[in-house]
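Dear colleague,

I am handing over the structure we spoke of, with the sequence alongside.

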Amino acid sequence: MTIAEHPHQAQTPPQQPPGYATVHVSAQATMRAVGVSAWFGRQKVLEKVSLTMNPGQVTALIGPSGCGKSTFLRILNRMHELVPSAALSGSVELDGVDIYGPTLRVTDTRLRVGMVFQKPNPFPSMTIAQNVLAGLRLSNLKVVNRDALVQDCLERAGLWRETRNRLNEAGVSLSGGQQQRLCIARALAVRPRVLLMDEPCSALDPISTGVIEDTIRALCHEVTIVIVTHNMQQAQRVSDQCALFLLDGEGQPGHIVEAGPTQSVFADPQDPRTADYVHGRFG
C-alpha cells in the first residue's frame, strides 16, 4: 500500500484535556478508504470499497447482514489482519497517511482509531474507574490527575451522573446501556481521532439506545465517528452521511452501491436498490 497525499484543513488546536500531563491532542481526522478489497482465505468479501469519512460527522454503514460492513469497519483499525487467513488490497488513509504503511505501527493505529463493539465488554475484574483508565498502559500517556480524566471521559460518554458515587464498584455491575457507555468512555480515554462503533445499540432497550444516540451526536464534534447499524431509523437520526453495502449474489463480495448525505440517500436515492433497501422492501 502506498502513502497518499491529502491536504490538511486549517483547524483550531483543541484545548488540553483534563487530567493529562503533556500529550499531543489532534484535531478531528479525515479517514479515507481507497479501492479496498478483502479476503478470508480464497473467499473475497469486499470489492473495491472507496469511502471518505469526514471530520465532525457520523458516517453510517448500512446494508443486509453478510455484505461486509463489519469487515470494513475492522479494516479501518487493522483488526482484519488478526484473522490468520485474512488479506486485503487498497489503502486506508488517516489524514493522508496509510495506516497499513510503514509510518504507523499497528498499536499506534488502534490508539488513533478506537473501537466500540456490539456487545458491551467492560473488564469484569476492574472497577468503573479502572475500566476507563485501562487503555493508558498501551498508549503511554502520562496522567497527572487520574480522577479528573475519569470524570472527563465519563461526562463525555454521558455516564458521569450515574456513576460518580459508584466509581469503585465493578464495571459489570452497571446495566447493559451503562456498560456500553463505559466502553465508550474507555475508548475516549486514549484520545482517539476516529471512533468505530459496530452496532452499539443492537442489544439495548429503546431508552438506553436513545441515550447512546445522544452520546454519539455529542461526540461527533470532537471525534470522527463511523457506525454500523441495521436500524434505518437510527441511521437517519444519528448520521450525517450513509454508505449502503450490498451483494450482487450469493458468494459475491460486498461493495458500496451508494454513498452520500443521509438525507439524500433516504429521500432521493440515485440507485433503485437503495430506495428498495431504505424503504424496507428487502433486507
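This is a predicted model: local features need pLDDT of at least 70, side-chain atom pairs count only at pLDDT 80 or more; totals for chains, interfaces and linings use all residues.

Residues are numbered from 1 along each chain as its sequence is written, and side-chain values use heavy atoms, with hydrogens and water left out.

Buried here means under 20% relative accessible area, exposed over 50%, and partly exposed in between, with a 1.4 Å probe and protein chains only; helices (H or I, at least four residues) and strands (E, at least two) are DSSP runs numbered from the N terminus.

Strand S8 (residues 224-228) is mostly covered, with five of its five residues buried. Thr-224, Val-226 and Val-228 point one way from S8, while Ile-225 and Ile-227 point the other way. In general, side chains in a regular strand alternate between the two faces of the sheet. Strands count as paired if DSSP finds at least two bridges between them; S3 (residues 58-62) pairs with S8 in the parallel sense over four bridges, and there Thr-59 has Val-226 as its bridge partner. S7 (residues 194-198) also runs parallel to S8, joined to it by five bridges, with Leu-195 opposite Ile-225. From S7 the chain passes through helix H8 (residues 206-219) to S8 in a right-handed β-α-β crossover, that is, with the strands pointing away from the viewer, the path from the first strand over the helix to the second runs clockwise.

In helix H5 (residues 146-156), the buried residues include Leu-149, Val-150, Asp-152, Cys-153, Leu-154 and Arg-156. Asn-145 caps the N-terminal end of H5, with a side-chain oxygen 3.2 Å from the backbone nitrogen of Asp-147, and just after H5 Gly-158 takes a positive phi of about 70 degrees.

Gln-241, which lies in strand S9 (residues 241-247), is buried at a relative accessible area of 10%. Its side chain reaches the backbone oxygen of Thr-52 at 2.7 Å, and a polar contact of 2.8 Å joins the side chains of Gln-241 and Thr-59. A polar contact is a pair of N or O atoms within 3.5 Å; within protein, one must be able to donate a hydrogen and the other to accept it, and residues adjacent in sequence count only if both atoms are side-chain atoms.

Finally, the structure holds one aromatic pair (ring centres within 6.5 Å for Phe, Tyr and the six-membered ring of Trp; planes under 30 degrees apart count as stacked, over 60 as edge-to-face and the rest as tilted). The rings of Phe-72 and Phe-245 have their centres 5.7 Å apart and their planes at 45 degrees, so the pair is tilted. Phe-72 in helix H1 (residues 69-75) and Phe-245 in strand S9 are 173 residues apart. Phe-72 is buried at 0% relative accessible area, and Phe-245 likewise counts as buried at 0%.

With best regards
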